[in-house]
Amino acid sequence: MRSQDHDRLFLSPPHLGRHELNYVHKAIEDNWVAPAGPNIAGFEADICQATGVAHCVALTSGTAAIHLGLILLGVEPGDEVLCPSFTFVATANPIRYLGATPVFVDSEADTWNMCPHRLREAITDRISRGKKPKALLLVHLYGMPARLPELLAIAAEYNLPVLEDAAEALGSRFNGQPLGSFGTVGVFSFNGNKILTTSGGGALVTNDAALAQRARFLATQAKDEAPHYQHSEVGYNYRLSNILAGIGRGQMELLDERVKRRREIFAWYQEHLANLPGLTVALDPELLGSRANRWLTTLLLDPAATAATPETLRQHLETRNIESRPLWKPLHLQPLFATAPMYGGEICADLFARGLCLPSGTALTEADLHRVAEAVREAL
Ligand SMILES: *Cc1c(COP(=O)(O)O)cnc(C)c1O
């Protein structure tokens, strides 16, 4: 960390403890530093246990996991994949890696995630134009569960396999069931800014043993059974290293604690930023049955009640050496996806125009939180 950063409050920095070092030490002592070794199997077992899914494949990133997940669901060049517009670009980039096209769907106001009505509209319209979408990619943004009962019912009705991008939602639950375990394939990220991190890393989970086996095969250069190097298919170098998996094992021991702390931070902001005109700490209340990990605490400003905008607020926080960030800019508004089909768009565009993410890292102290709240109050 640079010296002038000593009092900077970051959005969601890595939070490591002592647990990780034991696993990393052992990996180096035992010379298990390649993308094979006991930490990988251990990390995968930890993820299976935490999510209730039968099989896990540890990978180099969440993006790699989405890429392989789409391949497992049969996405090929020319296919269309349904995807929320309101998400990080890493959700949709792998659709393009495969030469397929994202079909974007607007959010709904209660969860900020994919709107079931717009999803149905998108599917029926794509079919009427002559092509049924190949798969449904769902996202639980900021750890908030999407409207799963409605969305999964529509997927079942149209026989669409579901890839669940739970990169931001490790530890979130819906009706008690961990997110990432609802789709045919689920994906987690262990990037540096996520609730748990391996510095960089990801995981793919599925209850289908054959799909998990195929993911492992594709992630290790698609080597055929042979004593020499024999290949019949394009493969990838996507397997996580045993050292990083060691960090992951140490982090997984902390999952419940980290979720608890993120939820406390959310509740703290809610209490201490209440009664500010035009400001809402969102989303509250949680939908019936959902328990969000509150990866990031987010707020919405109401332009009818305050002159402050997310950008004036962000700039003011910056003068206090506090990092904040606008909500994800919808993908249908990105130059990269200018020509992709989009269904609706007003809801996610409005969220982007009015929202901001606050520092939410689990290492924040009570004094840090007061500093953020004070700066927010000044700006309003
Ligand atoms: C972080 C993230 C990803 C990608 O994960 P990486 O591990 O950074 O590749 C994908 N989708 C969403 C919604 C994310 O937030």
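Biologist: What share of the contacts with a separation of 6 or more comes from residues 24 or more positions apart in the protein chain?

Modeller: A contact means heavy atoms within 4.5 Å. In the protein chain of this predicted model, residues 24 or more positions apart account for 72% of the contacts with a separation of 6 or more.

Biologist: Before we go on, what should I know about the numbering and the model?

Modeller: Residues are numbered from 1 along each chain as its sequence is written, and side-chain values use heavy atoms, without hydrogens and water. Because the model is predicted, local features need pLDDT of at least 70 and side-chain atom pairs count only at pLDDT 80 or more, while totals for chains, interfaces and linings use all residues.

Biologist: How many helices and strands does the protein chain have?

Modeller: Helices (H or I, at least four residues) and strands (E, at least two) are DSSP runs, numbered from the N terminus. Here there are twelve helices and 15 strands.

Biologist: What percentage of the residues count as buried?

Modeller: Buried means under 20% relative accessible area, exposed over 50%, and partly exposed in between, using a 1.4 Å probe and protein chains only. Of the 380 residues of the protein chain, 53% are buried.

Biologist: Which side chain makes a polar contact with the side chain of Thr111?

Modeller: A polar contact is a pair of N or O atoms within 3.5 Å; within protein, one must be able to donate a hydrogen and the other to accept it, and residues adjacent in sequence count only if both atoms are side-chain atoms. For Thr111 the partner is the side chain of Glu108, at 2.4 Å. The Thr111 side chain also reaches the backbone nitrogen of Asn113 at 3.0 Å.

Biologist: And how do I read backbone angles?

Modeller: Most residues other than glycine have a negative phi, and most peptide bonds are trans. Trp112, in the loop between strand 3 and helix 5, has a positive phi near 70 degrees. A cis peptide bond, with omega about 0 degrees, joins Ala282 and Leu283.

Biologist: Is Trp112 buried or exposed?

Modeller: Trp112 is buried, because its relative accessibility is 3%.
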